[in-house]
Amino acid sequence: MKNKYSIFSLARNALSYHRNWQQAWRSPEPKKQYDVIIVGGGGHGLATAYYLAKECGITNVAILEKGWIGGGNTGRNTTIVRSNYLWDESAAIYDHAMDLWSGLSQELNYNVMFSPRGLLHLAHSVHDMQEISRRGHSNHLNGIDAEFLTPEQIQKMLPFIELDCRYPVMGGILQKRGGTARHDAVAWGYARAADALGVDIIQNCEVTGFDIQDGAVRGVQTSRGQISANKVGVVAAGHCSVLADLAGFRLPIESFPLQAMVSEPIKPIVNCVVMSNGVHAYISQSDKGELVIGASSDTYTSYTQTGGFDVIEETIGAIVELYPLFSRMKMMRQWGGIVDVTVDRSPILSKTPVENLYFNCGWGTGGFKATPGSGHVFAHSIANGQMHPIAAPFSIDRFHTGGLIDEGAAAAVAH
């Protein structure tokens with residue numbers, strides 16, 4: 001039984017100089033048999049296991065992570081949370097996630113540092129203005145908040161922005177419910193809560209193959225031996241196409257590096273997340289005061305976690321044009337994550353050609369914000385043997401039927 005985090009437990013542990021805190025989660029040896037195995041110990045995988053145990057009553061669950069918890073894309077993103085997507089299917093799953101974000105710290109008894117500080121998309125051209133207008137009206141129809149801003153309103157909101165620069169700001173659209181959350185805290189919170197419900201979290205356990213008999217999955221082969229399971233859910237961002245190959249089928253996915261960087265810390269100045277579709281550079285400020293800067297994915301397929309310098313150069317150039325105040329700041333860290341990208345820039349949550357084998361992947365550059373919603377609907381899909389209504393449109397079958405959900409073309413930016 002996990003101790004409840006509270007002001008009282010904080011005070012009690014202060015008396016022992018915080019040396020007696022209970023371990024956040026166990027490190028058990030893998031059992032021979034599980035009801036469900038989740039491959040991937042990132043946010044989506046941890047959330048799936050948590051909701052399987054919490055809401056579906058399936059507690060004989062193992063999470064297999066080839067590295068450490070939160071060491072993949074969950075810890076390699078820019079922590080943005082939003083739901084203002086164009087298409088109904090996308091709006092449904094991302095807004096479902098947004099509803100869960102708002103109460104997640106209380107749900108997990110762990111502060112995930114969700115901060116609905118607002119998210120502003122800038123428009124730099126007539127095309128951008130038409131895009132945000134179309135998307136904003138679609139958001140309204142789906143009950144998602146969207147507020148159009150004039151350049152004057154943007155200037156008042158961000159006094160340090162340069163409206164009349166190489167990328168003139170013609171307007172913007174604001175989602176006040178959008179914002180950020182702490183990526184590490186999300187992984188740790190879900191891991192702790194899942195462990196408390198009996199889920200086994202097994203780190204340093206790489207899946208090297210699948211045990212498939214008579215067209216159905218019976219378990220997985222790992223670096224720590226064979227483990228049997230009635231059902232397997234694969235949620236391994238960046239490498240799902242590799243695992244699909246091991247299972248004997250192909251996914252319409254390419255993998256790209258996606259870069260981000262942070263500056264030296266400064267006093268609070270950026271009071272929301274600011275994204276620029278036309279130049280694809282976005283910025284926010286962390287609780288430590290660092291400017292968190294991101295861009296589009298690299299243009300070449302790769303599994304490197306560094307990325308190309310040209311993306312850094314173009315991103316910083318755009319940031320300096322829009323915010324000259326930051327031109328003399330020093331960048332402290334840069335990193336990259338590996339994103340799985342589908343042809344329509346929408347995810348895959350689906351059954352597969354192998355019975356009882358489910359895949360959750362292809363989130364591209366939008367995975368972090370969907371974490372609670374993705375895990376929630378994927379857990380119910382695995383438990384019930386059929387895809388949750390919110391997840392159903394994201395089936396692999398859409399690439400054969402033509403029922404694509406083209407967020408890349410529709411929203412101009414997939415973050």
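**Entry 1. The cavity**

I looked up the largest cavity and found a volume of about 40 Å³. A cavity is here a set of points on a 1 Å grid over the protein atoms alone where a 1.4 Å probe fits but cannot get out. Grid points are joined across faces, edges and corners, and a volume is the space filled by probe spheres set on the points. The search of the whole structure returned 1 cavity of 30 Å³ or more.

I note that this is a predicted model, in which local features need pLDDT of at least 70 and side-chain atom pairs count only at pLDDT 80 or more, while totals for chains, interfaces and linings use all residues. Residues are numbered from 1 along each chain as its sequence is written, and side-chain values use heavy atoms, with hydrogens and water left out.

I listed the lining of the largest cavity as Lys2, Asn3, Tyr5, Trp21, Gln22, Gln23, Ala24 and Arg192; lining residues have an atom within 4 Å of a point. By class I recorded 3 nonpolar, 3 polar and 2 charged residues. Ala, Val, Leu, Ile, Met, Phe, Trp, Tyr, Cys and Pro count as nonpolar, Asp, Glu, Lys and Arg as charged, and the others, Gly among them, as polar.

I then followed Tyr5 and Arg192 from this lining. Arg192 lies over the face of Tyr5, at 3.7 Å from the ring centre; the criterion is NZ of Lys or CZ of Arg within 6 Å of the ring centre and within 35 degrees of the ring normal. Tyr5 also forms one aromatic cluster with Trp21 and Tyr110.

**Entry 2. The second largest pocket**

I found about 430 Å³ of space in the second largest pocket. A pocket is an open set of points with protein on both sides within 12 Å along at least five of seven lines. I counted 22 lining residues, of which Thr79, Arg182, His183, Ser286 and Val292 lie nearest the centre. Helix H7 (183-196), strand E14 (281-285) and strand E16 (331-342) each supply at least two residues of this lining. Helices (H or I, at least four residues) and strands (E, at least two) are DSSP runs, numbered from the N terminus. By class, the lining of this pocket has 5 nonpolar, 10 polar and 7 charged residues.

**Entry 3. Aromatic pairs**

I found 13 aromatic pairs in the structure. Rings of Phe, Tyr and Trp (its six-membered ring) pair if their centres lie within 6.5 Å; planes under 30 degrees apart count as stacked, over 60 as edge-to-face and the rest as tilted. Tyr85 and Tyr94 form a stacked pair, 4.1 Å centre to centre with 5 degrees between the planes. I recorded both Tyr85 and Tyr94 as buried (under 20% relative accessible area; exposed is over 50%, partly exposed in between, with a 1.4 Å probe and protein chains only). The charged end of Arg82 sits over the ring of Tyr85, 4.3 Å from its centre.

Phe160 and Phe326 form a tilted pair, 5.4 Å centre to centre with 50 degrees between the planes. Phe160 lies in the loop between helix H6 (151-157) and strand E6 (171-175) and Phe326 in the loop between helix H9 (309-322) and E16, so the pair ties together parts that are 166 residues apart in sequence. Phe160 is buried at a relative accessible area of 13%, and Phe326 is buried at 7%.

**Entry 4. His96 and Val377**

I placed His96 in helix H3 (residues 88-101) and Val377 in helix H10 (residues 371-384). His96 is buried, with a relative accessible area of 17%; Val377 counts as buried at 0%. Leaving aside neighbours within four places in sequence, His96 is in contact (heavy atoms within 4.5 Å) with Ala91, Gly373, His376, Val377 and Ile390. On the same terms, the contacts of Val377 are Ile93, His96, Leu349, His388, Ile390 and Ala391.

**Entry 5. Positive phi**

Most residues other than glycine have a negative phi. I noted His18, which has a positive phi of about 60 degrees although it is not a glycine. His18 lies in the loop between helix H1 (7-14) and strand E1 (33-39) and counts as partly exposed at 39% relative accessibility. I noted Met113 as well, with a positive phi of about 60 degrees. Met113 lies in the loop between helix H4 (104-108) and strand E4 (119-123) and is partly exposed at 33% relative accessibility.
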